[in-house]
Amino acid sequence: MSGQGFSVGGRLGNVFGADAQNMNGGANGAGANGGKDTYVKDVTTPTFMQDVIEASRIQPVLVDFWAPWCGPCKQLTPVLEKAVADARGAVVLAKMNIDDHPEVAGQMGIQSIPAVVAFKDGRPVDGFMGAQPESQIKAFIERIAGPVGPSDAEKFLEEAEAARAAEDFGQAAQLYGAVLAMEQQNATAIAGLSQCYLGLGDVERARQALAMVDESSTSDPAVAAAKAAIQLAEQAESLGDLAELQARIEADPSDHEARFDLAVALNARGDKTAAVDQLIEIVRRDRAWNDDGARKQLLQFFDAWGPKEAATGYGRRRLSSVLFS
């Protein structure tokens, strides 16, 4: 059983009678298709036998023991319901308010909420306590019900990321929009849409798109990357012609300001490797220039590009080589 101190007693017969451990199938599970409401229902002590024990002989049932006064329950509920909906029928969710119906939780020895117990083949098989991140809940569901394929939203996100990587920003934006039609606060889709506008050179619309992100998602890596990319684009808007910057560097290789601006401009034009090279040259010549500004700018590049971008790996290797040589 997952979760510290989590134990489930085998005493359900005390609540429902001796037949609780000997029931045969016959309950109807949730349908194979549908949204969140298809897979989520409220249960009571009188309906627990039908909606949980019997139903779990057809498909696994997760029982969420909660109460209206429980803060962590309120954190867990939307994440748990989304994970169950994304599983598309692999499991169903039965929600039990222990204030109104304390008998089952008491007989199962549950002492802390939120507590989620998985029932399968008429008996409890696993569980966890406390609010959990979506990734752990999905792993819990797959442990109970087997592998769950990607949802439609996840499929669209994969296609959108591939289109954006290929610089097909129009197609990518349509796919991100399809995700947002299903999940209005999908942080990855909002950030991706913002990056598409940047790719099309529309910094203001990129800024407006990113403003749609819910406050709780501001630390999401995709959101942080989009924010850094917008800041870089704003920097680049104020710079002069590349040829002028290059001429200044040729005239004075120690003109770090010109070299710094050239790096920002090169990145804005998509030449990431060359941008890295210019900043590395500043670090090599004068690490302390502008309060370590070149290294800090490199780190902002890495945030904006993301860890999967080849230029990020290239830049990190070159930076390490300079710093530790």
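Accessible areas here come from the Shrake-Rupley method with a 1.4 Å probe; for residues, only the protein chains shown count as cover. By that method, the accessible surface of the protein chain comes to about 16200 Å². Carbon and sulfur atoms own 47% of this surface.

The model is predicted: local features need pLDDT of at least 70, side-chain atom pairs count only at pLDDT 80 or more, and totals for chains, interfaces and linings use all residues. Residues are numbered from 1 along each chain as its sequence is written, and side-chain values use heavy atoms, with hydrogens and water left out.

The protein chain has 325 residues, and 45% of them count as buried (under 20% relative accessible area, 1.4 Å probe, protein chains only). It holds 16 helices and 5 strands; these are DSSP runs (helices H or I, at least four residues; strands E, at least two), numbered from the N terminus. Take contacts (heavy atoms within 4.5 Å) between residues at least 6 apart in sequence: 65% join residues at least 24 apart.

Now the sheet. It is open, with 5 strands in the order S1-S3-S2-S4-S5 and mixed pairing. Two strands pair if DSSP finds at least two bridges between them. Strand S1 (40-42) and strand S5 (123-129) are the edges, each pairing on one side only. Neighbouring strands are turned by 25 degrees against each other on average, direction ignored.

Strands S2 (residues 61-66) and S3 (residues 92-97) run parallel over 6 bridges. There, Leu62 has Leu93 in S3 as its bridge partner. Helix H6 (residues 134-145) packs on the sheet and touches S2, strand S4 (115-120) and S5. The direction of H6 makes about 165 degrees with that of S5. Axes are lines fitted to C-alpha atoms, for helices over the stretch in contact, and angles run from 0 to 180 degrees between N-to-C directions.

Key
Buried means under 20% relative accessible area, exposed over 50%, partly exposed in between (1.4 Å probe, protein chains only).
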